[in-house]
Amino acid sequence: MTLSVALGPDTQESTQTGTAVSTDTLTAPDIPWNLVIWNDPVNLMSYVSYVFQSYFGYSETKANKLMMEVHKKGRSIVAHGSKEQVEQHAVAMHGYGLWATVEKATGGNSGGGKSGGPGKGKGKRG
C-alpha cells in the first residue's frame, strides 16, 4: 500500500510505504463504583434495614450499621462494583422507594459522607 500526502509549497513531498497498524486498544478502565443510599423523610429506619437485608443479603448487624449511617450522616455507601452492577442496584433501590445514586469510587471512602451529593447546597432533605 502506498500513501501519498499533498504538502504545502515549503515542504518536500513524501511517500510512505507499508501498512498502517493501530496499536490503540479499546479497554475500559476497571473503575469501581459505589451505590449511595441517601436519607429521606419517608422511609422508616426499620424498613431501610429490611431492604438491605432482603436485597443484598446483609446480616442484621451490617444492615443496621449501614442504616444508621444513612440516618446520622445523611448517606451511606452500601455496595461497590462495576458501573453496570451498581446501576442495577440503584434501580432496585428505587423500586423499594429508597433514594439511591451511583458515584465513582474515590478509593478508601466507604461511607465517609464528606463528598457532595444531590442535596449538597440545596438545603437538607430528610
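1. Helices here are DSSP runs of H or I with at least four residues, strands are runs of E with at least two, and both are numbered from the N terminus. Phe 52 is buried, with 0% relative accessibility, and Phe 56 is buried as well, at 17%. "Buried" means under 20% relative accessible area, "exposed" means over 50%, and "partly exposed" is in between, using a 1.4 Å probe and protein chains only.

2. A word on what you are looking at. This is a predicted model, in which local features need pLDDT of at least 70 and side-chain atom pairs count only at pLDDT 80 or more, while totals for chains, interfaces and linings use all residues. Residues are numbered from 1 along each chain as its sequence is written, and side-chain values use heavy atoms, with hydrogens and water left out.

3. Now the aromatic pairs. Rings of Phe, Tyr and Trp (its six-membered ring) pair if their centres lie within 6.5 Å; planes under 30 degrees apart are stacked, over 60 edge-to-face, and the rest tilted. By this rule there are six aromatic pairs. Phe 52 and Phe 56 make a tilted pair, because their ring centres are 6.3 Å apart and their planes stand at 55°. How are the rings of Phe 56 and Tyr 58 arranged: stacked or edge-to-face? They are stacked, 5.2 Å centre to centre with 15° between the planes. Both Phe 56 and Tyr 58 are buried. Ring pairs link Phe 52, Tyr 55, Phe 56, Tyr 58 and Tyr 96 into a cluster.

4. The charged end of Lys 62 sits over the Tyr 58 ring, 4.2 Å from its centre. The rule for this asks that NZ of Lys or CZ of Arg be within 6 Å of the ring centre and within 35 degrees of the ring normal.

5. Next, the overall plan. The protein has three helices and five strands, and from the N terminus on its elements run β-β-β-α-α-β-α-β. Of its 126 residues, 28% are buried. Among contacts with a separation of 6 or more, 66% are between residues 24 or more positions apart; contact means heavy atoms within 4.5 Å.

6. Here is the sheet. Strands of a sheet pair through backbone hydrogen bonds, either parallel or antiparallel. In this protein, three strands form an open sheet in the order β4-β3-β5, with antiparallel pairing; two strands pair if DSSP finds at least two bridges between them. β4 and β5 (99-104) are at the edges with a single partner strand each, so one side of each has no neighbour in the sheet. On average, neighbouring strands of this sheet are turned by 30° against each other, direction ignored.

7. Look closely at strand β3. Six bridges join β3 (residues 33-38) to β4, and six bridges join β3 to β5. Facing β4, Val 36 stands opposite Ile 77, and Leu 35 stands opposite Ala 79. In β5, Ala 100 is the bridge partner of Ile 37. Which residues cover the two faces of β3? Trp 33, Leu 35 and Ile 37 lie on one side, Asn 34, Val 36 and Trp 38 on the other, and all are buried.

8. Helix α2 (residues 60-73) lies across β3 and β4, at about 135° to β4. Helix α3 (residues 83-95) packs on the sheet and touches β3, β4 and β5, its direction making about 15° with that of β3. Axes are lines fitted to C-alpha atoms, for helices over the stretch in contact, and angles run from 0 to 180 degrees between N-to-C directions.

9. Arg 75 deserves a look. This residue is in strand β4 (residues 75-81) and is buried, with a relative accessible area of 2%. A polar contact of 3.1 Å joins the side chains of Arg 75 and Glu 103. Such a contact is a pair of N or O atoms within 3.5 Å; within protein, one must be able to donate a hydrogen and the other to accept it, and residues adjacent in sequence count only if both atoms are side-chain atoms.

10. Last, back to helix α1, where Val 48 is found. Val 48 is buried, at 7% relative accessibility. Leaving aside neighbours within four places in sequence, Val 48 is in contact with Asn 43, Met 67 and Leu 98.
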